Amino acid sequence: ADQPTDLIPGLPAIAYGGDYNPEQWPREVWDEDVALMREAGVNLVSVGIFSWALLEPQPGVFDFSWLDELLDLLHANGIGVALGTPTAAPPAWFWAAHPDARPVTREGLTLGHGSRGLASPSSPAYAEAAAAITTALGERYGRHPAVRLWHVHNEYGVPVGECYSEHSVGAFRAWLEARYGTLESLNEQWGTTFWGQRYGAWHEIDAPRVSASVVNPAQRLDFARFTSDAHLACFVRERDILHRLSPGIPVTTNIMASSRPEIDYWRWAPEMDLIANDHYLTAERHDSHVMLSMDADLTRSLAGGAPWLLIEHSTSAVNWQPRNLAKRPGELARNSLAHLGRGADGIMFFQWRGGRFGAEKFHSSMLTASGTRGRIWREVVELGTLLPALDGVRGTRVSAGTALLWDWESFWAQNLEWRPSVELDARERMEEYYSRFWHAGITVDFAHPEADLSRYDTIVAPALYLMSEAATANLHRWVSAGGRLIVSYFSGIVDPVDRLPAGPMPGALRDVLGLWIDEFLPLREHETVTLSTGQTADGWAEAIVVEGAEVVATYVDGPGAGGPAITRNRLGAGTASYVSTRLRGAELDVVLTSLTGVLFAGDRAVESVTRVGAGGRFGIHLNHGSTTGTVDAGGTDLVTGAPFDGQVPAGGVRVVALD
Ligand code: GAL
């Protein structure tokens, strides 16, 4: 009765596996691979992601012999396939025939081939060639029994996000015409009376390439929107072909939830059959496990709370960071199960067998050069052996009462030039607020500011510089109905074309917050200010005039001395608080405790998340510290079957069916 819904139809288990690139190995290695996959409990591998040149050695001439053999071999061994469309790596013949499909950077550099990444997303020749190889794959393998999932392309927007080629400029103009209808409207929205930028014909409009000084911010913002849409059109084109040729098989692409700033995944998510995420630790950060959770929570939010697939992470070091730290023993499982705790129903790695040549030969893998003698292999097998015991968790959901507002459009806008201070960093605020909730043991979702927020009691806007009228109305309604809103500085400042609304700032949030800002008071580098409640802040201050809001703390010193620093406004049945300066760690904890009534009490090592569903309630407890941790939860340890004693050993994980 309590059968979970399978994330991937036909794969009734937690997915486990990785990218598999057997074309880089002699045929006899494949048999060993498959035998070892079985030993490790692998049930899904991503295949063919970069195989275009092998599959279509000449334009329109296909060679599927090796892939036929491979899929049959995998199928015979009970291993499912996430079949790639190889469109992130067009063959050399394509580039020779279509040099105009090469992407051009903002600085005007035309990129050569020899690596990977996208052609100009707006190139007609690329569109045609990508559709042709996708159609050929769909026709041949659309109903192959090994194929469980389609893995379209690879990480759209990486490494080429914006493209400034002639094809892109043409497509941008068409996109603008569709958005604005008339040139009058575009001129008005873009504020082209500034610096004499008025346009008299569509063909006069260029992509916002590097210019002598700062380029029109509305133009840049629209180009960012266009870029995300242009890549999305590439995905949709392939998805539609595969839906037609491979009915019933879900189509996805590997996104990079919190680390791909050029793509607006809120717009992408509804187009994907399931959400599949790539995540790599920033190895040197001491809080990389907290950032992992942030990425996983964002991924789950993109999936609308439904289970999702961790389609890539690493068993140990990557090869592309400045210092590629190896994971410590146990970290592979801890990272994997942290994703599982936050909603992943599948755990996959880049990649199965480490390569001997090419740019990624120093990247870790499931089967490294040490083969089955190495530590990583032991941990890969251990995890693969463990996962079936956790099967009951599949299909369950994480629920959160708090959401952080996350809006790529706002980040794009805020990150443009000539802002009041270089200290204004949307990502920094997002990470800081997220971290405080993480350490307080409060699981959060992320939400778009225009989304239905009714299931949340607390909403935080750590950085919401840009707000639409719909977002303002949404927050107003939600607070009035009883919500608790906490807003950090430099939010509600501009509209969707980076214009200041009429009257004092923050135009979009004046009524909600019950205040206005007379002046921004950015601080000097290293300058600190003290609040009347005792905290020390830096970076930013403001001269605030309250208009209904109650003052929670004032500035004791600095340019804003005597004025409000933190305020709280009653609006209908709810409250909206404002934090006008940069607080961190324990100092932010004090403020959040007072604004929420919930205890934020410093850093913790043990992370606990709960997944709930028809199959039961499950606690996932991870100890990131170096001493045994205790959690207050009773139940049955899913791995040992024994009663859970509340102890989580240093570095360990306990998955518990809760009483
Ligand atoms: C990912 C990419 C993979 C591989 C991996 C290495 O971003 O999708 O193909 O390059 O990085 O960490």
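These are my notebook entries on a predicted model of one protein chain.

**Ground rules**

I number residues from 1 along the chain as its sequence is written, and my side-chain values use heavy atoms, with hydrogens and water left out.

**Overall build**

I started with secondary structure and found 17 helices and 26 strands. Both are DSSP runs numbered from the N terminus: H or I over at least four residues for helices, E over at least two for strands. Next I looked up the radius of gyration, which is 26 Å, close to the 26 Å from the globule rule for 659 residues, so the chain is as compact as a globular protein of that length. That radius is taken over C-alpha atoms, and the rule is 2.2 Å times the number of residues to the power 0.38. Along the principal axes, the C-alpha atoms fill a box of roughly 75 × 70 × 45 Å.

I then asked for burial: 59% of the 659 residues are buried. My cut-offs for relative accessible area are under 20% for buried, over 50% for exposed and partly exposed in between, with a 1.4 Å probe and protein chains only. For contacts I used heavy atoms within 4.5 Å. Of the contacts between residues at least 6 apart in sequence, 73% join residues at least 24 apart.

**Cores**

I looked for nonpolar cores, meaning sets of buried Ala, Val, Leu, Ile, Met, Phe, Trp, Tyr and Cys joined through side-chain atoms within 4.5 Å. The largest has 163 residues, and L67 and L74 have the most contacts inside it. Helix α5 (residues 124-141) gives this core its largest share, 8 residues. Another core, of 19 residues, lies apart from it and includes V104, F172, W202 and A218.

Leaving aside neighbours within four places in sequence, L74 touches Y20, V34, M37, V45, V47, I79 and V81.

**Two loop residues**

N216 sits in the loop between α7 (183-190) and α8 (217-245). Beyond neighbours within four places in sequence, its contacts are W190, T192 and Q197.

L111 belongs to the loop between α4 (92-97) and α5. At 29% relative accessibility, L111 is partly exposed. Setting aside neighbours within four places in sequence, I found L111 in contact with R102, P103, T105 and V160.

A reminder to myself: most residues other than glycine have a negative phi, and most peptide bonds are trans. Here are the exceptions I noted.

The bond from V158 to P159 is cis, with omega near -5°, and P159 lies in the loop between β4 (147-152) and α6 (166-180). The bond from M505 to P506 is also cis, with omega near -5°; P506 is in the loop between β13 (484-488) and α16 (510-513).

For H153, phi is positive, near 60°. H153 is in the loop between β4 and α6, and is buried at 1% relative accessibility. W418 has a positive phi near 60° too, and belongs to the loop between α13 (408-414) and α14 (426-439). W418, however, is exposed, with a relative accessible area of 62%.

Technical notes:
Predicted model: local features only at pLDDT ≥ 70, side-chain atom pairs only at ≥ 80, totals over all residues.
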